[in-house]
Amino acid sequence: MDDIILEMNGITKKFPGVKALDNVNFHLYKGNVMALIGENGAGKSTLMKILSGVYPKDKGKIILHEKEVNFDTPKEAQDAGIAIIHQELNLVPYLSIGENIFLGREPSKKFGKVDWNKLYIESEEYLNKLGMKLNSRKLVKDLSIAEQQMVEIAKALSIDAKIIIMDEPTDSLTDKETENLFRVINELRESGKSIVYISHRLQEVFQICDSITVLRDGQFIGEELVEDITEDEIIEMMVGRKLDEQFPRIDSKLGDTVLEVKNLSNEYISNISFNLLKGEILGISGLMGSGRTELAKTIYGTIESSSGDIYIYGKKADIKSEKDAIEQGITYVSEDRKGEGLVLNLPVLENMTISSLKCFVNNFGHINKELEKKIAEEYINKLSIKTPSINQLIKNLSGGNQQKVSIAKSLMSEPKILILDEPTRGVDVGAKKEIYDLINEFKSHGMSIIMISSDIPEILGISDRVLVMHEGEISGEISIEEASQEKIMKYAVGIKEME
Ligand SMILES: Nc1ncnc2c1ncn2[C@@H]1O[C@H](COP(=O)(O)OP(=O)(O)OP(=O)(O)O)[C@@H](O)[C@H]1O
């Protein structure tokens, strides 16, 4: 571990109203995977954006291979061997894999003509090194997220990056794709590359990282070897206190059927039937692509059904759009919050209240601005949303905090039925607990909740009952008393008969 290749010392960065980084230190070693962790808004992405030349720092020093460096542009960082793979991958969709890998650095023949043959052959060689058999003439838009990520890693190899930064790389990957990514990370480590691994998934940190650096509120808290630390100790470093019970289950009496779905089908789902009781949390598990999100969107009216019916309180409901669903008391919080949930150029306040403005209308038909602000601030406190003010543009919030705003927005319309799709993806451990507490609070007021999640401990931790989906069908229903990780996984891979 002595082989230090990068030191960031005393890094400070201010944005209007926020000190994102305050005198932060960060070290990286050769052939080492360093986890960079901390709560939402702790400053992880900002620190890495400074390292990769996206943002200038206000103060501090960056020492790379024992020399002080300063990167004014991403290109300068790239030339120094630093590659960053952002959460929102940065490839050009309508260019081929090869063109993306060599963008701006195309190999040329005599007289400066692009050597296309070389470009495509070398691109495939880099991909082969990663165990990927892809035709490098294929357009990036036709690749899965996991494949695009591999193209980004191939690009990093092609610039001979010594440092590769991965920001929440497994967020949109299936278990199998994650396994493949870990294989690639292990190979990169063995070949002497240094990797920064930003993640909220502590299990993964233990699986793939050698050391951890923890930030909290823009400050450096500590650096430890993974083998010397426990999960609880990491959490304590992250949140600055011990967390009590991670899954605060409340057992309340369940009521009558609120929602009944009968033989619902379309091109994504087949013959789905289930019911949801008043005050129930129904967990929906299954592998990515099993039709969970499509089921939610069909109930919510944003995907059309070809047959089947939905009943709310025993009455047949005709839901053809999001508007119909909200009027019938159903709200859906999308897993793709940036794409579907939020308007990035609007402030936090408007994003939160946009679909529940009628709750703030006074007797004169005007919006009661004071009430709107008060309630938005209550939610900011309840969900510990880190923002300098309710007027901050949502695009300037950290990813996890954007997510919390999106959840707050849905909760504000006080639905009878709340469908949460991956509610804690990208959310830190402390905030996860706050979201579970909130879900429980709504449950205790009689709200019925459908929670789609890839996180099986979360499904087991707070659901009253679990449905598992496989290839567009419900492959199993398990009471919480009988549910286990193994049972859920069996149903998820399509084994219907349990021995
Ligand atoms: N361009 C910006 N303008 C204003 N504030 C910003 C900007 N980028 C980040 N911030 C603020 O800086 C702080 C640190 O954000 P950063 O994105 O680095 O956190 P993070 O640790 O990566 O969080 P997450 O886990 O949620 O992604 C946050 O308070 C965020 O709102």
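The ligand is surrounded by 18 residues, and the closest include Phe 15, Asn 40, Ser 45, Ser 398 and Gly 400; a residue counts as near if its C-beta atom, placed from the backbone, lies within 6 Å. This is a predicted model, in which local features need pLDDT of at least 70 and side-chain atom pairs count only at pLDDT 80 or more, while totals for chains, interfaces and linings use all residues. Residues are numbered from 1 along each chain as its sequence is written.

**Ligand shell**
- Strand 2 (18-29), helix 1 (44-51) and helix 14 (399-412) each supply at least two shell residues; helices (H or I, at least four residues) and strands (E, at least two) are DSSP runs, numbered from the N terminus.
- By class, the shell has five nonpolar, 11 polar and two charged residues (Ala, Val, Leu, Ile, Met, Phe, Trp, Tyr, Cys and Pro count as nonpolar, Asp, Glu, Lys and Arg as charged, and the others, Gly among them, as polar).
- Domain 1 (4-239) and domain 2 (257-492) each give at least three residues to the shell; the bounds come from an automatic or database domain assignment.

**Helix 14**
- In helix 14, 14 of 14 residues are buried (20 or more other C-beta atoms within 10 Å of the residue's own, all placed from the backbone).

**Domains**
- The centres of domain 1 and domain 2, taken over C-alpha atoms, are 32 Å apart.
- Their contact takes 15 residues from domain 1 and 17 residues from domain 2, with contact meaning C-beta atoms, placed from the backbone, within 7 Å.
- Helix 8 (residues 231-239) gives the most to the domain 1 side, with three residues.
- That side of domain 1 has five nonpolar, seven polar and three charged residues.

Conventions. Buried ≥ 20, exposed ≤ 12 C-beta atoms within 10 Å, placed from the backbone. Contact = placed C-beta atoms within 7 Å.
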